[in-house]
Amino acid sequence: MSAQPNVLVVYFSRTGMTRRIAELLASEIGADIEPIRQQGKHPARAGVRGYVRSLIEALGQRQVKVMPATHDVSAYDVVVVGSPVWASHASAPALAWLKENGGQVRRLALFCTLGGHGGQPALEQMARTGGKSPLACCEITAYDLRRRIDGTKRQEFGKRIRHRLSTFQQTERML
Ligand SMILES: Cc1cc2nc3c(=O)[nH]c(=O)nc-3n(C[C@H](O)[C@H](O)[C@H](O)COP(=O)(O)O)c2cc1C
């Protein structure tokens with residue numbers, strides 16, 4: 001295994017929390033980073049209308065279109081995808097990105113940010129949509145941020161990714 005795995009962090013964020021976690025994680029593990037952008041006219045997600053639009057998309061499992069990835073996702077050892085939790089679902093843009101790009105991703109890791117409930121089903125939905133069993137998953141809640149334990153959770157997540165990747169690569173070399 002190379003000393004420093006080649007990692008890409010991809011995220012969608014409506015109000016900045018997932019972006020903040022993605023940026024900190026990427027800088028801590030030395031990863032490249034890419035935001036998920038919707039295609040065409042960006043539906044306004046700010047304010048009450050944006051909240052309701054996002055909620056309807058999540059509950060109705062509505063498909064949205066996202067811009068093609070700017071990085072070559074197949075060139076990375078691991079792609080980490082982050083999303084906010086919307087009504088115990090993953091965000092529609094993160095799901096659209098996983099549907100488009102999951103097939104090219106070699107290994108997947110997932111994280112979500114949330115108020116406090118519904119992280120597990122959202123992560124499971126992301127894994128199903130990406131078509132891969134994730135190396136590692138992480139939930140960062142508003143409580144974690146208040147208690148300032150999000151840094152510890154990010155570091156543990158980064159360690160789990162590196163450890164699982166190393167195990168996979170050793171097994172692959174033996175085959
Ligand atoms: C439409 C909508 C639904 C949400 N549903 C949940 C939920 O089911 N559980 C939860 O803990 N937080 C929920 N939240 C809160 C967000 O997951 C949380 O604030 C997240 O960190 C926002 O990330 P962002 O700033 O990157 O958009 C919801 C937010 C929105 C906009």
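## Arginine 154 and its salt bridges

Arginine 154 is buried, with a relative accessible area of 7%; buried denotes under 20% relative accessible area, exposed over 50%, and partly exposed the range in between (1.4 Å probe, protein chains only). The side chain of arginine 154 forms a salt bridge with that of aspartate 150 (3.0 Å, N to O), a salt bridge being a side-chain nitrogen of Lys or Arg within 4 Å of a carboxyl oxygen of Asp or Glu. Aspartate 150 is likewise buried, with a relative accessible area of 9%. Because they lie 4 residues apart in helix α6 (residues 150-174), arginine 154 and aspartate 150 are separated by about one helical turn. Glu28 joins Asp150 and Arg154 in a network of salt bridges.

## Basis of the model

The model is predicted: local features need pLDDT of at least 70 and side-chain atom pairs count only at pLDDT 80 or more, whereas totals for chains, interfaces and linings use all residues. Residues are numbered from 1 along each chain as its sequence is written, and side-chain values use heavy atoms, with hydrogens and water left out. Helices (H or I, at least four residues) and strands (E, at least two) are DSSP runs, numbered from the N terminus.

## Other salt bridges

The structure holds 6 salt bridges. One of them pairs the side chains of glutamate 57 and arginine 45 (2.9 Å, N to O). This pair links distant parts of the chain, 12 residues apart: glutamate 57 belongs to helix α2 (residues 47-59), and arginine 45 to the loop between β2 (32-35) and α2. Both glutamate 57 and arginine 45 are buried.

The side chains of aspartate 144 and lysine 153 also meet in a salt bridge (2.8 Å, N to O). Aspartate 144 is buried, with a relative accessible area of 4%, while lysine 153 is partly exposed at 27% relative accessibility.

## Nonpolar cores

A nonpolar core is a set of buried Ala, Val, Leu, Ile, Met, Phe, Trp, Tyr and Cys residues joined through side-chain atoms within 4.5 Å. The largest has 29 residues, and those with the most contacts inside it are Val10, Ile36, Val79, Val81, Trp97, Leu110 and Met126. At least two residues of this core come from each of β1 (7-11), β3 (78-86), α3 (92-101), β5 (108-114) and α4 (119-130). The greatest contribution is that of α3, with 6 residues.

Leaving aside residues up to four places away in sequence, valine 81 touches Val10, Trp97, Leu98, Leu108, Ala109, Leu110, Phe111 and Met126, where contact means heavy atoms within 4.5 Å.
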